[in-house]
Amino acid sequence: STSAEEAAKALPSARPVVPGEDVMVSIAIHSPTNGEVVQEEFLCLGTNTLSQVKDAIGCMSNQQAIEVGLPPTRNGYLFIEGTFYNDMRGVLVPVAPSGAGAATGAGAG
């Protein structure tokens, strides 16, 4: 039998999980057109932020933007238990591919 940790992807944690102290949260992303269909599932800790949770969710609009040479965005929202949480972080700063040289201070500010 497969454990929940093996069955779903998990968000990274900044520190090791502490049994008896940390809370593991199972998240399911349902289809907007058919709420019975689960499109994605993953695990996170109660210490993960909503920004980390949102960034872990696949976004077709971002994939399409990248395909046509546009930057992905972080705009969007989460709808959790009847409440909207608006992500107002804006447009992502493009990241140079690894091995392409050192960053030149872009992204701060």
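The largest pocket of this chain holds about 1,100 Å³ of space, in a model that is predicted. The chain has 109 residues, of which 20% are buried, and its secondary structure comprises three helices and five strands. The points below take up the pocket, the fold and a surface patch in turn.

**The largest pocket**
- The lining of the largest pocket is made up of 37 residues, and those that lie nearest its centre are Ile 29, Lys 54, Ile 57, Tyr 77 and Leu 78.
- Two or more lining residues come from each of strand 2 (24-30), strand 3 (38-45), helix 2, helix 3 (60-67) and strand 4 (76-80).
- Sorted by class, the residues that line the largest pocket comprise 18 nonpolar, 14 polar and five charged ones.

**Order of the elements**
- Helix 2, which spans residues 50-56 and includes Leu 50, is among the elements that give two or more residues to the lining of the largest pocket.

**A nonpolar surface patch**
- On the surface, a nonpolar patch is formed by Leu 50, Ile 80 and Tyr 85, which together have about 240 Å² of accessible area.
- Leu 50, a member of this patch, counts as partly exposed because its relative accessibility is 40%, a value that falls between the limits of under 20% for buried and over 50% for exposed.

How values were computed:
Residues are numbered from 1 along each chain as its sequence is written. This is a predicted model: local features need pLDDT of at least 70, side-chain atom pairs count only at pLDDT 80 or more; totals for chains, interfaces and linings use all residues. Side-chain values use heavy atoms; hydrogens and water are left out. Patches are made of residues with over 30% relative accessible area and no salt bridge: like charges are joined within 9 Å, nonpolar side chains (Val, Leu, Ile, Met, Phe, Trp, Tyr) within 5 Å. Accessible areas come from the Shrake-Rupley method with a 1.4 Å probe; for residues, only the protein chains shown count as cover. A salt bridge is a side-chain nitrogen of Lys or Arg within 4 Å of a carboxyl oxygen of Asp or Glu. Helices (H or I, at least four residues) and strands (E, at least two) are DSSP runs, numbered from the N terminus. Buried means under 20% relative accessible area, exposed over 50%, partly exposed in between (1.4 Å probe, protein chains only). On a 1 Å grid over the protein atoms alone, a cavity is a set of points where a 1.4 Å probe fits but cannot get out, and a pocket is an open set with protein on both sides within 12 Å along at least five of seven lines; lining residues have an atom within 4 Å of a point. Grid points are joined across faces, edges and corners, and a volume is the space filled by probe spheres set on the points. Ala, Val, Leu, Ile, Met, Phe, Trp, Tyr, Cys and Pro count as nonpolar, Asp, Glu, Lys and Arg as charged, and the others, Gly among them, as polar.
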